[in-house]
Amino acid sequence: MNKIVKLTVVLFLICAIVSAVLGAVNEVTKGPIETQQREKTEKAYKAVLPYADAFTEVDPAAFAAYKATIDKISTADNGAGHVVETTFSGAQGSITMAVGVDSDGKCAGISIIKHSETSGLGEVAASSSERGVSFRKSFIGKDESITIGDIDAITGATITSKAVTGAVATAIEAVKALG
């Protein structure tokens, strides 16, 4: 019995020390990670709606019908359009993307902020490769009736291509529903 108590105390101490170290690492890295994510999101906004300098966030109640996939809609203060942040399922997990919607209700651009897609396949959608850039540019000028046949889909990444296409259509619909 004494041996069990001793092992339990040792295990408890190990867990307490590891928890304290993980907590300290989290506190040290939390700020820089948040800063890096904010900068990445700001860069994505600028990429999808380059003529906008400042944004005002839209009240979430205005797009409540789309709340399942749309995280946030921001309106460009200069009237250039909107940026929609959306999170949706891809082939391997969630994809977070910014969709620029110009004042005519057309896609002004897309930028994938975060993803967990398969390397060499779905991840191409977010890459800076010629193929990735071509894929993202193929959405420009499209409206909410967009289908996978309207874009330069990624070979071998049909699920990712369909998911991004659907998310762009939903983003445009949500902006148009704002009025």
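Predicted model: local features only at pLDDT ≥ 70, side-chain atom pairs only at ≥ 80, totals over all residues.

Mentor: Residues are numbered from 1 along each chain as its sequence is written, and side-chain values use heavy atoms, with hydrogens and water left out.

Trainee: What span should helix H3 have, and what is the distance between its end C-alpha atoms?

Mentor: Helices (H or I, at least four residues) and strands (E, at least two) are DSSP runs, numbered from the N terminus. The expected span of a helix is 1.5 Å times one less than its number of residues. H3 has 21 residues (158-178) and so should span 30 Å; its end C-alpha atoms lie 31 Å apart, which agrees. After H3 comes Gly179, with a positive phi near 95 degrees.

Trainee: Which residues of H3 are buried, and against which elements do they pack?

Mentor: Buried means under 20% relative accessible area, exposed over 50%, and partly exposed in between (1.4 Å probe, protein chains only). An α-helix has 3.6 residues a turn, so residues three or four places apart point the same way. In H3 the buried residues include Thr160, Val164, Val168 and Ile172. Contact means heavy atoms within 4.5 Å. The buried residues of H3 pack against strands S2 (70-76), S3 (81-89), S4 (94-102) and S5 (107-114), and against helix H2 (130-137).

Trainee: How many residues does the largest nonpolar core have?

Mentor: A nonpolar core is a set of buried Ala, Val, Leu, Ile, Met, Phe, Trp, Tyr and Cys residues joined through side-chain atoms within 4.5 Å. The largest has 30 residues, and Phe139, Val164 and Val168 are among those with the most contacts inside it. H3 gives the most to this core, with nine residues. Apart from this core lies another, of ten residues, among them Tyr45 and Ile113.

Trainee: Is Thr165 buried or exposed?

Mentor: Thr165, found in H3, is buried, with a relative accessible area of 4%. Not counting residues up to four places away in sequence, Thr165 touches Phe139, Ile146, Thr147, Ile148 and Ile151.

Trainee: With which side chain does the side chain of Thr96 make a polar contact?

Mentor: A polar contact is a pair of N or O atoms within 3.5 Å; within protein, one must be able to donate a hydrogen and the other to accept it, and residues adjacent in sequence count only if both atoms are side-chain atoms. Thr96, in strand S4, makes such a contact with the side chain of Thr87 (3.2 Å). Thr96 counts as buried, at 12% relative accessibility.
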